[in-house]
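Q: I'd like a close look at a single part of this one. Could you walk me through it?

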Amino acid sequence: MYQLAPNIELLFTEEAEYPGRVRAAAAAGFTAVEMWGPTGIDAPAKPKDIPALKAALEETGLQLTAQLSEPRTQSMIPPFDDSPFFSHLDEGVAIAQQLGCPRLVVGSGTGFGGSKRQVQLDKLIDIYTRAIAQIDGSGITLVLEAVNVRVDHPGSLLDRTAEAAYVARGVASPHFGILYDLYHSTVEGETAAEALAEAGDTVKYVQIADAPGRGEPGSGSIDWTARLGDLRASGYDGPIGLEYYPTQETVASTAFIRGLAANA
């Protein structure tokens, strides 16, 4: 059985506030949730009341499986300033520790056409090697996400699972790995079984949505029985984040994948 973690930015939005979404997820029978950035640096319209969120997590016993590192910086674009990322990293780690969240999601930012791709991938290795050294002893794991450039994130540097795995192996830390997002991988034309066979040893978190459309599993054309089988065959047994835009009421939108995950 896979533990499913609804994303409270997109799901249980029948509740206006984030603590209410945590309680709604618990009432629906979930044992975990995930979220995006905690402070509102990247999304000022969506700041979070961290003490209230912590209280809701403690009250319900839910695990917060992942949150985004803030701010989302563009380290490859001149003037190549990654200082905002490093200056806020400790704050993000402190919030994660406060909320009992073991993972911070990081990205590659936009690629720079004026530099070779390999140079930029190696620069990511340097950035995240320094980041891991900065948070040494925190118990927090950084997970690097490759995202699709065909629909959702045009211009992103990192759009291939294999290249995310290359960076993870270059960082070479037990507290660094990749976030394998099945939706992004599918939109990019990857075959999940092949991508996971090559990169499976670096996968430390998984998110899902259906394709096309990025709706709930069952709303698109992905064969979810087969894909959960691919995950299991790769050795991944951690939580799965539900990061999708529901086409129906939240609880109803989760029914299909919950049935499959219970037997995967």
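Which residues is glutamate 145 in contact with, leaving aside its neighbours within four places in sequence?

A: Bear in mind that this is a predicted model. Leaving aside neighbours within four places in sequence, glutamate 145 is in contact with Val105, Val106, Gly107, Leu158, Leu179, Asp181, His184, Gln207 and Glu243. Glutamate 145 itself sits in strand E6, which covers residues 141-145. Its relative accessibility is 8%, and since buried means under 20%, glutamate 145 counts as buried.

One of those contacts deserves a follow-up, namely Glu243. UniProt, in an unreviewed entry, lists Glu145 and Glu243 under "active site". They are spread over 99 residues of sequence, yet they cluster in space, with a largest C-alpha distance of 13.1 Å. Both Glu145 and Glu243 are also part of the lining of the largest pocket.

Now for the partner. Glutamate 243 is in a loop, the one between strand E9 (240-242) and helix H9 (250-261). Glutamate 243 counts as buried too, at 8% relative accessibility. Not counting residues up to four places away in sequence, it touches Asn7, Leu10, Glu34, Trp36, Glu145, Asp181, Gln207, Ile208, Ala209 and Arg214. If you put the two lists side by side, Asp181 and Gln207 turn up in both. The side chain of glutamate 243 also has a polar contact of 2.9 Å with the side chain of tryptophan 36.

Tryptophan 36 takes us on to another glutamate. Its backbone nitrogen lies 2.9 Å from a polar atom of the side chain of glutamate 9. So tryptophan 36 has its side chain in a polar contact with glutamate 243, while its backbone nitrogen is the part that lies by glutamate 9, a residue that is buried with a relative accessible area of 4%. Glutamate 9 is placed in the loop between strand E1 (4-6) and helix H1 (18-27). Its side chain makes a polar contact with the side chain of tyrosine 18 as well, at 2.9 Å. Leaving aside neighbours within four places in sequence, the contacts of glutamate 9 are Tyr18, Arg21, Met35, Trp36, Gly37, Lys46 and Lys48.

The largest pocket has a volume of about 800 Å³. Its lining is made of 43 residues, and Asp42, Leu68, Arg72, Glu145 and His153 lie nearest the centre. The elements that give two or more residues to this lining are E5 and H4, and H4 gives the most, with 3 residues.

That makes helix H4 worth a look. It runs over residues 117-134, and at 1.5 Å a residue its 18 residues should span 26 Å, which agrees with the 26 Å between its end C-alpha atoms. Its buried residues are Gln120, Leu121, Leu124, Ile125, Ile127, Tyr128, Ala131 and Ile132. For the spacing, recall that an α-helix has 3.6 residues a turn, so residues three or four places apart point the same way. The cover over the buried residues of H4 includes helix H3 (83-99), strand E5 (103-106), E6, helix H5 (161-171) and strand E7 (176-181).

Take isoleucine 125 as an example from H4. It counts as buried at 15% relative accessibility. Not counting residues up to four places away in sequence, isoleucine 125 touches Tyr166, Val167, Gly170 and Val171.

Methods: Residues numbered from 1 in each chain as written. Predicted model: local features only at pLDDT ≥ 70, side-chain atom pairs only at ≥ 80, totals over all residues. Heavy atoms only, no water. UniProt positions renumbered as here; feature names shortened; annotations may be inferred. 1 Å grid on protein atoms, 1.4 Å probe; cavity = no way out; pocket = protein on both sides within 12 Å on 5 of 7 lines; lining within 4 Å. Helix = DSSP H or I, 4+ residues; strand = E, 2+ residues; numbered from the N terminus. Buried < 20%, exposed > 50% of the residue type's maximum accessible area, 1.4 Å probe, protein only. Contact = heavy atoms within 4.5 Å. Polar contact = N/O pair within 3.5 Å; in protein donor to acceptor, adjacent residues only side chain to side chain. Expected span 1.5 Å × (residues − 1). Points joined across faces, edges and corners; volume = space filled by probe spheres on them.
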